[in-house]
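Please open the structure in the viewer and follow the stops below in turn. Each stop names a selection and then describes what is found there.

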Amino acid sequence: MSQNGFSPKIVAGIIVALFFGAALYLRVALPYDQVFVGDWIKFTGVDAYYHMRIVDNLVHNFPHLNSFDPYMLYPGGGGVGLTFFNYLLAGIIWLVGLGSPTQHTVDIVGVYFPAVLGALTVIPVYFIGKALFNRWAGVIAAGLVGLFPGEFLGRSILGFTDYHVAETLFTTIAMLFLILAVKNARQKELTFGHLKQGDWSILAKPLIYSLLAGIFLGAYFLTWAGALLFVLIAFVGLVIQFIIDHLRSRSTDYLCFVSAITFLVALLMFLPASLGIMSLASLIIAILVPIALAILSRLMAGRGIKPIFYPVALLGLGLASLAIIFHIINPALLRSMMGQIRILWAWPMETTILEMQPILFPGGNFSWLIVWGNFTTGFFISLISLGILIYLIIKRGEADKTLLIVWSLVMLAATLSMRRFAYYFVVNVALLTGYFSWLILQFAGLREPAAEPVQTAEKVKKKAKRRQSRQGGFRLTASRGNLALGVVVVLFLVFYPNIGPMPKIGPWPAGTMLAIETASRAAFAPSNAWCESLSWLKDNTPEPFGDPDFYYATYERPFQYPETAYGVTAWWDYGYWITRIGHRIPASAGGYHGEAPLLTAQDETLANQRIDWQGSRYSRYIIIDQPTVTTKFHAVATLSGSSPENFRDIYYQPQDSKFVPVYLFYPEYYRSLAVRLYNFDGSQVTPQNSNVISYEERTGPDGKPYKVITGAKSFSSYEEAEAYISSQESDNYRIVSEDPFASPVPLEALEHYKLIYSSDSSIMQPNVGMISEVKIFEYSGD
């Protein structure tokens, strides 16, 4: 009992339970009205519709999972991998629905699933903090991981039914049990002798913890194809600890025991899934290397070889082994592994995807805003904590904290490379910030026995009597005023920036509460216009397979599409909506983002050729929405193989002794198929006037070029404007328009595209008025 009569365990448990409740409230209550809209139940992640499509079919055929889905893409279909996340969700739905769940049950359980998983992450974070530092550092970390705004919160709100939240939960639990296994095995001085003797008093806990670590690592492997990331983290952390222990003349047997069991269990779980030779090879290497390291450590220690030669020997043997495996036995294996490690960075083309942009360079420009929006003060505090812990590791060499350091450094590097990994790094930031917060409270006078540094069995016995006489709670060594000040500092330094109203920072107006703002946004849920349009498509267009129940059928390979089948083209982001809401097949001629060249095609003939790709008609319907021709058009242009600047560009116009930026659209923009369809409904366009600007190129202080308008003329016809430009000696003249809905060039009516539906939900377009957000066109080729 503590001095005030309350058990610290009970107090900590109550606080963690409250943090769990707060985390669940954020994730459920705040986005609720954006998920349950009228008769619709909306999912709040784009890929959530992919997973729910798989779950729809899996629940109806449970436990059979189709390995192929003809609804994924026309005309090739798509493979369906074994994903534990989908199986877990489908199994829960199947049980809740007593073996025959309704579609309403599927949707209800599906939207709540990520919120519950996100809130549950609070619990293992608490126990990791408790194991590494102490109970109160764990409590603070648990509260922070549930409240941090940004990627993790955004990906675990109601309806964001994607495996990202499961990745974070499974890896956190796996690291918890790995840390506990290493700490307990080292404390008990576990050796191969105990294993040989079957001494279960020593073996039991490390074995159980290792088995559990392996189970959750295996679950992670079955959830995400990039799971080798955490094999790398655990492997590197354990290898470093092998070196530290040998240099300090400590036995490394316990590390071999823990790592071999953990990776073996993960391998056994992985084998039925047949996820590829590269993952198999990596896990086998992760099992064998610790065994080799332990044997080498024993041999060198037994022969009295200086410990400093151990890392040298490891380096030499490691390089030789890599040369044999990757150069002689299987050269392709190295390329395959490097391909998996490539998940830590994005190719230039992929940076058009928001989540793949470097967190410090959103849009290509340096900024702290995304970091602040994910972690607020926690990011900066965690870097200080990392420095402190690295110093302590060098001094003490504690194995459990070595794992934390490696884990944190790898996830920091991944997050700096791609902002999507912030939903992993949030756990590390919470733990490191919780540790620093405890240091503040400790400085203010609060004392509690820290998590025991890993002790030998002899030292543990010597301290047993002292521990029995010590009170189990915490004690004050300073005035209550100092302690109160410390609590206030922690609350305002680490909690308030996440949940309290803030002054204006970047895009956030004054008074913004970041966690509440993030949870309330549901930015990736389909709009009412899309729900209306895809419901209309489902009810008013021919069934591609003749029977609506085919959506729930089992499918075999090779699959032959019937003559009634057809595809529906839209921007890639909307493909899963088309499948799950509309029960139709998205089409993409030519593979990944094959719709981009179609949407930017400069004349009808080219567009028709794209749809009738290689003699097969890919699409019968085309869906265009307002963002496709406005906010998303830069991505459409980039992925078409062109550049956004070929369609529109920013110019600077002199105004009141300063330069004002203005977006100007080129003829190529208006000739694009997407613009001709959405902006002008495929009708003929005769411009009222055509504007020509002259400009000069300058270089800014940052070395980047920009364009300044030096003159402008308006002509009554496009031909006059072209003639004027032709008469100029300079090339710095362009035909432009400021209004995306006012073409400066004539456009012919499209012959093979007919507007058949416009959504009732509309948006305000300047200079035009209200316009339907989504439009559906039917293609009728020759």
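Select C256 to begin: this cysteine counts as buried because its relative accessibility is 5%, where buried means under 20% relative accessible area with a 1.4 Å probe and protein chains only. Select C531 next, which counts as buried at 4% relative accessibility. A search of the whole structure finds zero disulfides, a disulfide being a pair of cysteine sulfur atoms within 2.5 Å.

The model is predicted: local features need pLDDT of at least 70, side-chain atom pairs count only at pLDDT 80 or more, and totals for chains, interfaces and linings use all residues. Residues are numbered from 1 along each chain as its sequence is written, and side-chain values use heavy atoms, without hydrogens and water.

Now display the open sheet of four strands, ordered β7-β8-β17-β14 with mixed pairing. Strands are DSSP runs of E, at least two residues long, and helices are runs of H or I of at least four, numbered from the N terminus; two strands pair if DSSP finds at least two bridges between them. At the edges lie β7 (567-569) and β14 (753-758), each pairing on one side only.

Select residues 619-625 and 774-779 together: these are β8 and β17, antiparallel strands joined by five bridges. Within this pair, D625 has V774 of β17 as its bridge partner.

Finally, select residues 604-611: helix α27 lies across β8, β14 and β17.

Terms used
Contact means heavy atoms within 4.5 Å. Axes are lines fitted to C-alpha atoms, for helices over the stretch in contact, and angles run from 0 to 180 degrees between N-to-C directions. Buried means under 20% relative accessible area, exposed over 50%, partly exposed in between (1.4 Å probe, protein chains only).
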